[in-house]
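Here is my note on the structure you sent. It is set out as numbered points for reading beside the coordinates.

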Amino acid sequence: MRLYLIRHGETALNVKGCYYGRTDAVLSEKGISQARYLKEILKEVSFDYIVASPLVRAYNTAQIVMEEIFGDRRLMEQDFGIFEGMTYKEIQNTYPKELDAWNEEFSTYRIPKGESFADVRSRAEDFLRDIPSGRESKGEKMLIVAHKGTLGHLLAAMLKLPLDGYWNF
């Protein structure tokens, strides 16, 4: 199996520098242009599977590239809970104790009303277990459209890196 990992196109919240995992932000004009460019780059590749996070920014990126897509909730970005939609500075001012706890133990600290890194890694590993492997998938190609965090966890899991191996990506 050959995997193609794609991060969604730009959104307005990317430009603002906000933490947003489950916030369903739409692609900006630049993000739409990025997806169209990606379609051009990949036009000669024939995919056997196209899977995307169901969040609109990833799903719409995938739709621009290919028409037939499967959504998989396990590819969703980390749920930042009470930090959703806030910049780092806003989080510092509004939730200083929670931010300190998250910085102290990023891997296992579950952001209130959200997820921990370990939760996201667990979802990524679960997704990878469902990808066909071995002889039955020889020569097949899968396009995965997701988010920075999820893709980092997928790569770390594929390489059998520890949880903090995420930071290599």
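This is a predicted model: local features need pLDDT of at least 70, side-chain atom pairs count only at pLDDT 80 or more; totals for chains, interfaces and linings use all residues.

1. Residue numbers count from 1 along the chain as its sequence is written.

2. The largest pocket. The volume of the largest pocket comes to about 510 Å³. Its lining is made up of 24 residues, and those nearest the centre are Y19, F80, W102, K148 and Y166. To find the place in a viewer, these five residues can be selected together.

3. Which elements line the pocket. Two or more lining residues of the largest pocket come from each of α1 (12-16), α5 (96-104), α6 (117-129) and α7 (148-158). Of these, α7 gives the most, with four residues.

4. Sorted by class, the lining of the largest pocket holds 12 nonpolar residues. The rest of the lining is eight polar and four charged residues.

5. The α6 and α7 pair. Two of the helices that contribute to the pocket lining, α6 and α7, also pack against each other, with axes that come within 9 Å. The two axes cross at roughly 65°, and the crossing is right-handed.

6. Residues in that contact. On the α6 side, the contact is formed by F117, V120, R121, A124, E125, F127 and L128. On the α7 side, T150, H153, L154, A156, A157 and M158 meet them. By class, the residues of this contact are nine nonpolar, two polar and two charged.

7. K113. K113 sits in the loop between α5 and α6. With a relative accessible area of 74%, K113 is exposed, because the cut-off for exposed is over 50%.

8. K160. A positive phi is also found at K160, at about 55°, and K160 is not a glycine either. K160 belongs to the segment after α7. The relative accessible area of K160 is 72%, so K160 is exposed.

9. I111. Is I111 buried or exposed? I111 counts as buried, at 1% relative accessibility, since buried means under 20%. I111 lies in the loop between α5 and α6. Apart from neighbours within four places in sequence, the contacts of I111 are Q78, F80, G81, I82, F83 and W102. Two of those contacts, F80 and W102, are also among the residues nearest the centre of the largest pocket. L151 is 40 residues from I111 along the chain, and the C-alpha atoms of the two are separated by 20 Å.

10. L38. Helix α2 (residues 29-41) contains L38. The relative accessible area of L38 is 14%, so L38 is buried. Leaving out neighbours within four places in sequence, L38 is in contact with I6 and V65. From L38 to L5 the C-alpha distance is 12 Å, across 33 residues of sequence.

11. E29. E29 is also placed in helix α2. Whereas L38 is buried, E29 counts as exposed, at 60% relative accessibility. E29 and T11 are 18 residues apart in sequence, and their C-alpha atoms are 8.3 Å apart.

12. R22. Where does R22 lie? R22 is found in the loop between α1 and α2. At 26% relative accessibility R22 counts as partly exposed, because that class runs between the 20% and 50% cut-offs. Not counting residues up to four places away in sequence, R22 touches L55, M76, E77, Q78, D79, E84, E115 and R123. R22 and F169 are 147 residues apart in sequence, and 21 Å apart from C-alpha to C-alpha.

Key: Side-chain values use heavy atoms; hydrogens and water are left out. On a 1 Å grid over the protein atoms alone, a cavity is a set of points where a 1.4 Å probe fits but cannot get out, and a pocket is an open set with protein on both sides within 12 Å along at least five of seven lines; lining residues have an atom within 4 Å of a point. Grid points are joined across faces, edges and corners, and a volume is the space filled by probe spheres set on the points. Ala, Val, Leu, Ile, Met, Phe, Trp, Tyr, Cys and Pro count as nonpolar, Asp, Glu, Lys and Arg as charged, and the others, Gly among them, as polar. Axes are lines fitted to C-alpha atoms, for helices over the stretch in contact, and angles run from 0 to 180 degrees between N-to-C directions. A crossing is left-handed if the near helix is turned anticlockwise from the far one by less than a right angle, and right-handed if clockwise. Contact means heavy atoms within 4.5 Å. Buried means under 20% relative accessible area, exposed over 50%, partly exposed in between (1.4 Å probe, protein chains only).
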